[in-house]
Amino acid sequence: MKAFESSQRTVRATASSQPSDELRIAVTFRPEADGVGPTKLNAPISARSVMRMAPNPLDMDKALSELHRRGLETTIRGKLTASVRCTRREYEKLFGTSLEAVRLDPKQAAQFHGFYYPPAGARWNPDPTVAGMIDDAYIQWPHIYMAKRVAARRSPRRGSPRPSRSSRSSRGATRGAARLAGTIPSATPPVVSAFHLDVPDDVATLINATPVHQAGRTGRGIRIAMVDSGFAHSHPFFTTHNFNSTVTLAPGATNRDTDPNGHGTGESANIFAIAPDATFIGVKVDNDRNPQLGATLLEGFQEALRHDPHVISISLGFDLRIENTNDPLPTLPNGLVALETEIEAAVAAGKVVVFSAGNGHYSFPGQMKEVISAGGVFVNQVGLMTASDYASAFKSPIFSGRSVPDFCGLVGMLPHADYIMLPVPSGCEIDREEAAHDGTTKADGWGLFSGTSAAAPQLAAVCALLLEKNPGLTPSDIKAVLKRTCRDVTTGHANPASDPAGVGVKAGPGFDGATGAGLVDAFAAFQQV
Ligand SMILES: [Ca+2]
């Protein structure tokens, strides 16, 4: 790995108020068999049925070259879907529509907050040649980072609001970080008074991975891909431990060495805590200069697949909520069907896919049936386990019978889930923002945080330990053995924001809605494979 360079402490560009003219689009295709594409199927797709949706690769080539003629450039191609980009004008012309600017709540921890999308009831007259060659083409929304929470809509707001993202405060923060950019983080965390966990040892101990390591299994030979903001693995914490990491750029992402947000860098330490010798493939999705040009979650997932990973860990997603309510969306938006299709195809190909359950979000893809949905359990100073009230738990109205989460990793409690001391680039967004309450400074390169963003990589790394011992395990074998061997969590409740009643699903003896099967026990599962 390279030495820590000053250029790595860049600050993510402030999202401009004007949506980008470059659109990020997911294209789905018609299968050969009966011609009904995934967005027209009107039903969830399963790992068993997904390959029936596979288009003829030659038809896919023809469709993409037709799109290319109209200005839609393919950025990356998946098994069943493709990602393309074009200008607003090209999209409007090709699909006979007009787009409007959409603005997301600036308090949401989203990739960016403004983009073009067809308004409800917009006209739609696609070019017949292109319409005859594809299933559909949907503009992709920005995803959100699963380290921060969503607030319950029916309970009173508490605490002070987060620092505003107004241009004035953003400029101030940028200046401050630039001034402090000479600071090289320490390989060891700062001392803070609040109870917390350190990586790697405390996380390995509580997930019960330490006896697995003592038995000689550390993830060697297993490829784990993590799709996230970025991975500044030249932070002295990672170089001191000599972890095996490579970083690749998804379409639109810039600079392998930086992570102005800090989310991917910090949460990736959870993987190394559990599977220190796994082959880590970081798929960076953020664009440091213009967040709106970064990779979509679909582009990131497609890039991850190109590296043939055994396990994919993603702490990003979407909050499928009826706007301004505490209620989940009853149907999957068509724009997310391409991502759903590609994930099901990956599971069908034997890849273990782990997503965060959300922090009060009705997370997608975390609510898909065939992914491992990572929830949260908090273990206190004396080892007592309780459901994290920061982590999501809900029944999915989209995927019938699906209860989120499957089981849990380690996640802190409301209000901020300040729980695990994680290494981040000094002066990055997380370093600056968490300093308001986590006992560290704004530029020390360490932050105390978690969220179900921490749980997904912990569970993904446990899966790697099991696969190292028994490479023949299928994704459903792994889910079943982890479920069977979890430690039962009987107290506490999940985040009220992911409960239509606004209370938070309760934990109880046996399988419960709040924690699923409970807290994962790496050694107990390891003994059974
Ligand atoms: Ca800090």
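Two residues are in contact if their C-beta atoms, placed from the backbone, lie within 7 Å. This report describes a predicted model, in which local features need pLDDT of at least 70, side-chain atom pairs count only at pLDDT 80 or more, and totals for chains, interfaces and linings use all residues. Residues are numbered from 1 along each chain as its sequence is written.

**Overall form**

The chain contains 15 helices and 22 strands; helices (H or I, at least four residues) and strands (E, at least two) are DSSP runs, numbered from the N terminus. Along its principal axes, the C-alpha trace spans about 65 × 55 × 50 Å. The radius of gyration is taken over C-alpha atoms, and the globule rule is 2.2 Å times the number of residues to the power 0.38. For 529 residues a compact globule would have a value near 24 Å, so the 22 Å of the chain agrees. Among contacts between residues at least 6 apart in sequence, 78% join residues at least 24 apart.

**Two domains**

The domain assignment gives domain 1 (22-142) and domain 2 (186-526); such bounds come from an automatic or database domain assignment. Their C-alpha centres lie 28 Å apart. In the contact between them, 28 residues of domain 1 meet 27 residues of domain 2. On the side of domain 1 that touches domain 2, the elements in the table each supply at least two residues.

| Element | Residues |
|---|---|
| β1 | 22-28 |
| α1 | 38-41 |
| β2 | 73-77 |
| β3 | 81-87 |
| β6 | 136-139 |

The largest share of this side, 4 residues, comes from β1. Its residues divide into 15 nonpolar, 9 polar and 4 charged. Here Ala, Val, Leu, Ile, Met, Phe, Trp, Tyr, Cys and Pro count as nonpolar, Asp, Glu, Lys and Arg as charged, and the others, Gly among them, as polar.

**Burial**

A residue is buried if 20 or more other C-beta atoms lie within 10 Å of its own, exposed if 12 or fewer, and partly exposed in between, with C-beta atoms placed from the backbone. By this rule, 57% of the 529 residues of the chain count as buried. Helix α10 (residues 297-305) is mostly covered, with 9 of its 9 residues buried; among them are Phe301 and Glu303.

**Leu72**

Leu72 sits in the loop between α2 (57-69) and β2. Leu72 counts as buried because it has 23 C-beta neighbours inside 10 Å. Leaving aside residues up to four places away in sequence, Leu72 touches Ile25, Leu67, Val84, Cys86 and Glu90. Asp201 is 129 residues from Leu72 along the chain, and their C-alpha atoms are separated by 48 Å.
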